[in-house]
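Let's take a walk through this model together, with the coordinates open beside the text.

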Amino acid sequence: MNPDEAPEIVVVPHTHWDREWYLPFQRFRLGLVRMLDAVLDAMTADPGYRFTMDGQVAALEDYLEIRPERRDLLTALVAEGRLAAGPWLILADEFLCSGETLVRNLEYGMRGAAGLGGVMRVGYLPDQFGHCAQMPQILAGAGLAHACLWRGVPAAVDRDAFAWTGADGTVIRTLYLAGGYGNAAGVFGGPAGGLPDRLGAFTRAMRPWRPHGPLLAMYGSDHSSPGTSAGGPGLRLATLAEYVAAEPSGVEGLPVVHGELRSHARADILPGVLSARIPAKRAMARAERVVTRYAEPLAALWPADRTVGARLLDMAWRRLIACSGHDSITGCGSDETAQQVAARIAEAEQIGQAVMDMVSASLAAGTARGDLVVVNPSPHPRTGLVLADLPEDRPRLVSADGTPVPVQRLELAPTLLDETVMDDLTALLGRVHESELFGFGIVSWSARDGVFTVVVGRHASAGYEYADLRADVLAAAGARPGPWTVRTLAEPVVTVAARVTVPPLGRATFTAVPWTPGDSRGHTGTQAMSGAVSGELDNGLLTVSVAADGTLSVRTAAGRELRGVGRIVDGGDAGDTYNHAPPAADRLVDTPVWVQVEEICSGPLVSALEITRGYAWPVRGADGGRSAETAAVTVVTRAELRAGEPFLRLETAFDNRCADHRVRWHCPLPGTVAESFAEGQFAVVRRGLSAEGGGGERPIPTFPAEGFVSAGGVAVLLDQTTEYEVLAPAGAGSELALTLVRSVGYLSRNRNAYRDEPAGPQVATPEAQCPGMITTRFAVCPHGGAWHEAGLPRLAEEFRHDLLAVPGSGPAGPPAPEPAGPVALSGEGVVMAALRERDGALEVRLVAEHPVATEAVLRGAFTAAYRADLLGVRGARLPVANGPEAALLLPLRPFEIATVHLVSGDPG
C-alpha cells in the first residue's frame, strides 16, 4: 500500500477488562495492575499516547486501591483527555438486572469518572450480550448523545453507524463496531515490515462499513493493552471520545433500528446466560427488590438515622452494580467467580435488610405490643394479605377507626420452648444475653413453688431491664435451694392471615382485640372465597382444579379455561453456560411416576394446595444422549389463591440431583400464538416466535422477561428475570415454557453444537450444574384484551412487592394518628421504579409502561416539583395545583422515564 494513498485510520488503544470471568476478581486484578502500570508509564514517556479504559470506572478504582500513589498521575491524564474514563461503573448485562440498577450504574460511573478528572461522554457498550430497548433513553437522559456497541446489531445495518430508536422514541446515533471491539488487535503487533499489508487488509475489511471518512481501529483486546505505539503515515492516535466527537451528531440517512438489539446476525449474543446459574438470578432480583423498593424508600419516608442509612444504601448499591457485570450475574464465569458474585449479592440484600430493620424498629416502637403496623411499598392504595402472629387472647384486628379486618386463622404456635432442671438457679443468667433468651426477647418472669418461668416473645417488653431479672433470680435462689425447674414459654400466639388496606406509600396500624360473641373461631370478615374442596380452589375470580397427572386446570369467572397448566418437561443439555444445546439423542421426560395432592389451608382469604409429583430423570448426559440411570426427583408445587387476586400464585421446588439437563415449566396457550410481550428494564417488548440468525450460533428464540410475559391472553407474573420461549409446534397448540433450571458442566465447550466457536476457555464448572434446591415463584394470570388493557404492570407490581407487616413492640395505648403518605401516583400504565431522598427532596422515578401517551398524576404533601435528569440534576420547576393536597399532572410519552423532585416547605 502506498503511504501517500493510505486513508486516515484512527487508532484507539484500549483494553476490554472483564473484572471477573474465568478467574475471580482478585486474581484478575493482579493483571490489571501490571497492565495499567505499563499504560501509565507509556503515557508518561509519550505525551501523544492515548488510552481508553473500557468504558468502566471500576477498573480504575480497583487499580488505585493497589496503587494509590499514582492517583495524581492518573487524574491528570484523565483531565487532559488522554485517558478516557467512564461513563459506566461496570459493564453490566442489560437483561439480568433491573432498569434502576442500570441507571445507578451510569450515575455512579459518571460521578466516579468526574472525580478522576472527566467523563468519556460515549455510551460505550462493547461486549454486552445484546442491548435493552430503553438504553437510548437511559443514555440520552444522562446527557450522552452517542452509543458505541458490537453485539445484537441486526443484518439490516450495513454501515458503521445507525439511528437507534428506543422504546419511547428517543433516537441516539450509534457507532457499530464492525469486526468487534478488537477489530485491529492483530494489525500492529506483528513484524514491522508486514504492517502495510496488514493495514491494507484492515482497510479492505472496514471500508465497506464506512465508504468515506476515517476508519476506526480498535487496538486492544481482552485483559491486555497494546504493545506498540501504532504510529505511522495515515495513522492517528485518539481516545474513543475523541473519535466520536469528530462524528456527525445527527442521524439523517442512517439505517433505523427500533427497540432492543438481540439479533444473532452480526455476532453471538450467547442467550444461554439467561438461564445459567438460575439461583443467582433469583438472589439478584430479591436483593434489588429489598434495596430499591423497601430499604431506600423506607429510609426516605421514615428516616431513623439519615447518615447511617445513606452510607448503608451506598454500600448496597455498589455491591448490586458490581454483581450486574456481564460476566458476573450472567453465570458464565468460573465457580470461584460465581461464589464471589453470590456473596456480594447476599451482602447487598443483607445491607438492605439492615436498613429495613432500622426503620422497622422505629415503627415497631411507636406501635403497641401485640398490634401491627403495615407499610405499603406501592404508590397506590393496596388491599392485600399479610401474615401476623397475634396474642391468643386477642386474635382479631381492627383498623384505626374500629372497623374489623377480615382474618383467617392459620395455626396456633406452641408455647413451651424449653424445660430444664438446674441445681443452681443463677446458671439461668448465663443463658441470657441482655434481653434475649432462645432467640426471643424477654417479656416477663415469675418464681413459684420451685419453678422459675420466663415468658419470651418476638420483642422484649418495653420496660425490660436485665438488672431487674438478675435481682429476682438471685432473690429466688437465696430463698430456696435447688433444684429448680426453669421453663421458657413463648407468648401464646395465633398466626392469622389478615386482609388489610393501606394508603399509598403509607402505613396503617391495626389493633389486636379479643373475639366477640358471634365470631367464628376460624375467621372473621366477608366470605370472599369458597376455599379448597376436594382438590379445588375458588376465589370467585378463578377456579383451579388438579388433574390426574398433577397439572392444573384454571377457569375464569367468564368460563375461559386453561388445561394442563404446569406440565414439567425435563430434557438434556449438552451445552455450556453460554449456549443451550440439546444432545443429539435427547430424551424428554414429562410424565410423573406418581402424583399426590394435599390441602394446605382453606378459608375466606387464602386457600392452597400442595401438588407433589415424582419423576425419574436421567442422572447425566452420556454418549451423545442421556444416561439410562435415573434419579427419583420430587417436584412440589404450591398453588394458592387469595381473595381479590385475579391470578394463581405458584411456587415450584425440587432437589436438583441430575446433571446436563434443562427443566422447563409449560403452560398451554389458546389457539396458535404468533407473538409475546415481555416486561423488563422499564419497557414492554413485543417479540415474535423466532430470532434473526446469520452469525456463529443457533438463533434459538429464548428470551428474557423481568416483570411479566404475556402471550395469547395468558400472562405469567414473575419475581425474577426468567428465560421463556413460546412454542408453536406444527399441528399442535401453542405453549409458553419457562426455564426452571439449566444444569451444565462447562463455562464454554470447545465444541458446542449450537455455536461455531468457543465463547471462552473450556473450564469445568461443576457448580453450574446447580445441585440442591431449585425454587421458582410466579403467578398465572389469564386475561382479556391486550397486556396494557389487563393492567399487567400494576398486577406485576403487587405480586412482586408484598405489604410489609411490622409487629408492635411499644407500650400499650391507643394508636397514634397515621400521617398520610407523602405522595400517591395514578395514571394509565404509570409505575414507580424508585423513590429516595436527594438533597432535601423526594426523588421519584416514574415509567409510563403504556403503548400510547398517558399522564401521571402525583398527589401529596409537597409544595413544589421539579424535573430532573436520570443523574438527579434538578431542572425546570413544574406547575403544581394547590388544594387540600398538592397535585402534579405530568404528560408522558409511551415508555417515557421521568424523574421528579418533590419538595416540602419553602422550595427557595
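Lining the second largest cavity are D160, L175, Y176, L177, A178, N183, M206, W209, R210, L215, L216 and Y243. A cavity here is a set of points, on a 1 Å grid over the protein atoms alone, where a 1.4 Å probe fits but cannot get out, and its lining residues have an atom within 4 Å of a point. This one holds about 110 Å³ of space, a volume being the space filled by probe spheres set on the points, with grid points joined across faces, edges and corners. Strand 7 (171–176) and strand 8 (215–219) each give at least two residues to its lining; strands (E, at least two residues) and helices (H or I, at least four) are DSSP runs, numbered from the N terminus. By class, the lining has 9 nonpolar, 1 polar and 2 charged residues, where Ala, Val, Leu, Ile, Met, Phe, Trp, Tyr, Cys and Pro count as nonpolar, Asp, Glu, Lys and Arg as charged, and the others, Gly among them, as polar.

Before going further, a word on how to read all this. This is a predicted model, in which local features need pLDDT of at least 70, side-chain atom pairs count only at pLDDT 80 or more, and totals for chains, interfaces and linings use all residues. Residues are numbered from 1 along each chain as its sequence is written, and side-chain values use heavy atoms, with hydrogens and water left out. The chain averages a pLDDT (the predictor's confidence in each residue, from 0 to 100) of 93, and 96% of the residues score at least 70.

Now for the largest cavity, with about 400 Å³ of space. Of its 24 lining residues, R293, E679, E706, R800 and H801 are the closest to its centre. Helix 4 (99–115), helix 8 (278–301), strand 37 (676–680), helix 12 (792–800) and strand 47 each give two or more residues to the lining, and helix 8 gives the most, with 5. The lining divides into 8 nonpolar, 7 polar and 9 charged residues.

Strands count as paired if DSSP finds at least two bridges between them; strand 47 and strand 48 (residues 841–848) share 8 bridges. Within this pairing, L835 stands opposite V844 in strand 48.

Technical notes. On a 1 Å grid over the protein atoms alone, a cavity is a set of points where a 1.4 Å probe fits but cannot get out, and a pocket is an open set with protein on both sides within 12 Å along at least five of seven lines; lining residues have an atom within 4 Å of a point.
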